[in-house]
Protein chains: 2
Amino acid sequence: MWQRNAPPSPQPQWDDESRPGNIEEVDILQLACPVPIGEPGKITLAHGSGGKLTGDLIRQVILPAFRNPLLDKLEDQAVFAMAGGRIAFTTDSFVVSPLFFPGGDIGTLAVNGTVNDLAMGGATPLYLSAAFIIEEGFAIADLERVVASMQRAASAAGVAIVTGDTKVVEKGHGDGIYINTAGVGLVPPGVEISASRARPGDKVLLSGFMAQHGMAIMARREGLDFEVELESDTAALHTLVQAMLRASSGIQVLRDPTRGGVASTLNEIAQASGVSIELDEESLPLQLEVEGLCEILGLDPLYVANEGKLIAIVPAAETDAVLEAMRAHPLGQHAALIGEVGDGPAGMVYLRTCVGGTRMVDMPVGDQLPRIC
Amino acid sequence: MWQRNAPPSPQPQWDDESRPGNIEEVDILQLACPVPIGEPGKITLAHGSGGKLTGDLIRQVILPAFRNPLLDKLEDQAVFAMAGGRIAFTTDSFVVSPLFFPGGDIGTLAVNGTVNDLAMGGATPLYLSAAFIIEEGFAIADLERVVASMQRAASAAGVAIVTGDTKVVEKGHGDGIYINTAGVGLVPPGVEISASRARPGDKVLLSGFMAQHGMAIMARREGLDFEVELESDTAALHTLVQAMLRASSGIQVLRDPTRGGVASTLNEIAQASGVSIELDEESLPLQLEVEGLCEILGLDPLYVANEGKLIAIVPAAETDAVLEAMRAHPLGQHAALIGEVGDGPAGMVYLRTCVGGTRMVDMPVGDQLPRIC
């Protein structure tokens, strides 16, 4: 947890002279005792000591970004009142490489990813935690950029970051910054969504174009330039979910096809529900640029990560109502019916190909794209 | 979040033959397609892919350890019913080095640390998340040892690990394993505890011997052997807190003096409450072995981390009742009155030394003991 470290001391010391975000300007002649001086503007091990520099980092970089009444107390824990009911609780660590990419950065992902894990249970996301593992030597300016992204994403999603933690590890024991977010939300009465609720005859909907996040990361990693820059689709999906829940009380399954892509997520659902799923290749929404890049790199877009898309499984009779609600939402404009649930072998996913064949879409064994989120 | 990855496929594949904990026994002749084969018994990048090997790791190592009805569902989020009221929410990442030490390991710390952050708000800890960032090449046997420790600590504390996440980073971008836990608890009506509630005249209590965790880690790092092995004091403190709350409704402040030790924690409290605190050196509970090792290594025990101790600040009239309740609890047998809150300069902590002098106990600027938790 973040605590109220580093009380300003009454005698003149360097932190009395520093301005927020200006940790690097230490006048070493004014220091009363030896301190670990790292490179200016870089994270040092002392920033993770729980002492003065940890407090400075929290007060100068993190609090100004996330500021809210619960966090500002800097107790060991955030305490908030909640009505009774069903609480949703989730966590994810983010280790994406590179940290910054077109359409977002690790901070954007860390907030949207946890908001979406709550939303996929039909929950209204409310409060997030944020825990940083920072590598010694990481630029404080980059940390400021990441926390600013987190705050933008949190504000956009209507959630507050109310508790957190900062640790520092030696150079060579991290990769810039890793972020964990956990989240708490409230599931409205009557909502019952689970990967185990798909039934034969149900329809499979996808909220938009596949594989954008993964291919944006790959394009950046490989240094590929295109006329149109590929952007991550990272987004908070809870308002889309709420619109869908208003349109239909019959939504059975919601999942965001992140790591492992649409193929892995559908395999999980088919397994959890004990059903088969048949996809229609022609109906899979895919942008031309993404399709092209997948071909160049030899990747199957069905297995490439998304960060702002969801899969919904709904009874056939509700399909039109849910699709209409999705298409009326900015994050669901390109929603499509991509397949249906069958009573074939439990846990199997098939693809009806454009040329009329059928192939199995298995769980990936290996790793197409490491460190994608 | 952990999801239901890796459905067992109907055709014969290696995972049908594997037993839990036996991931290394892959018969490569039976494999239908190229898989990334790392060293046997070691974590590979594919274990973090979100595909089949991630699922195997979760089903064979993590679920058997943590098994409970909420986790077993493997949804994107755990959903549980809670009565309305005040919810406490906290997070901590753990990067301790070495991972295993006398008295516990990173898994024990990760559970007890978050349980204690909830307990320091007077909350009853209920549910934890667990997120792992594992370095490629980490021994699966060590992961099994860590999750077994987590489960033992969770059972002992009466909490359930209900949601989680696993990421893998390349060799040289981690240090074996980093663990984040977040926690949710319920604050009983009437309990109002905050670092900002210390008032002049209040007494400062410490629940037992100082500096045990930090010195156990240091002894292990430095390869120092003693007749009596120093053990970490890691423990879950919520039952001690509950006993104290039953004895007195006047407890103002609770904090566990972890990173930065008793000195840093008291500085935080003095600052948050706008008071001074005066400690009595003679009354500080310190074991002879710990005192000796601190002298050898040139460390001040006031600044060394504890993992199973708490500081309580209580009105003078409640001191005896609270101390008696603490001493009647196994984790508070050596509880002591160590000082009092004053109306001196706000944010200052002083020590009345054994020889009759007074010295200032400031926030540490640098880092005595990096990677201590």
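A: In this predicted model, helix 5 of chain B has a set of buried residues, namely Ile140(B), Leu143(B), Val146(B), Val147(B), Ser149(B), Met150(B), Gln151(B), Ala153(B), Ala154(B) and Ala157(B). An α-helix has 3.6 residues a turn, so residues three or four places apart point the same way. Helix 5 of chain B covers residues 140–157, 18 residues in all, and spans 26 Å from its first C-alpha to its last, close to the 26 Å expected at 1.5 Å a residue. Just after the helix comes Gly158(B), which takes a positive phi of about 75 degrees.

As for its surroundings, strand 2 (residues 85–94) and strand 7 (residues 177–187) of chain B pair in the antiparallel sense over 9 bridges, and Ala88(B) stands opposite Gly185(B) in strand 7 of chain B. Helix 5 of chain B packs on the sheet, where it touches strand 5, strand 6 and strand 7 of chain B, and its direction makes about 170 degrees with that of strand 5 of chain B.

That open sheet is formed by 5 strands with mixed pairing, in the order 1(A)-2(B)-7(B)-5(B)-6(B). Its edge strands, each pairing on one side only, are strand 1 (78–82) of chain A and strand 6 (160–169) of chain B, while neighbouring strands are turned by 20 degrees against each other on average, direction ignored.

Methods. Residues are numbered from 1 along each chain as its sequence is written. Chains are lettered from A and ligands numbered from 1 in the order in which they are written. This is a predicted model: local features need pLDDT of at least 70, side-chain atom pairs count only at pLDDT 80 or more; totals for chains, interfaces and linings use all residues. Helices (H or I, at least four residues) and strands (E, at least two) are DSSP runs, numbered from the N terminus. The expected span of a helix is 1.5 Å times one less than its number of residues. A residue is buried if 20 or more other C-beta atoms lie within 10 Å of its own, exposed if 12 or fewer, and partly exposed in between; C-beta atoms are placed from the backbone. Two strands pair if DSSP finds at least two bridges between them. Axes are lines fitted to C-alpha atoms, for helices over the stretch in contact, and angles run from 0 to 180 degrees between N-to-C directions. Two residues are in contact if their C-beta atoms, placed from the backbone, lie within 7 Å.
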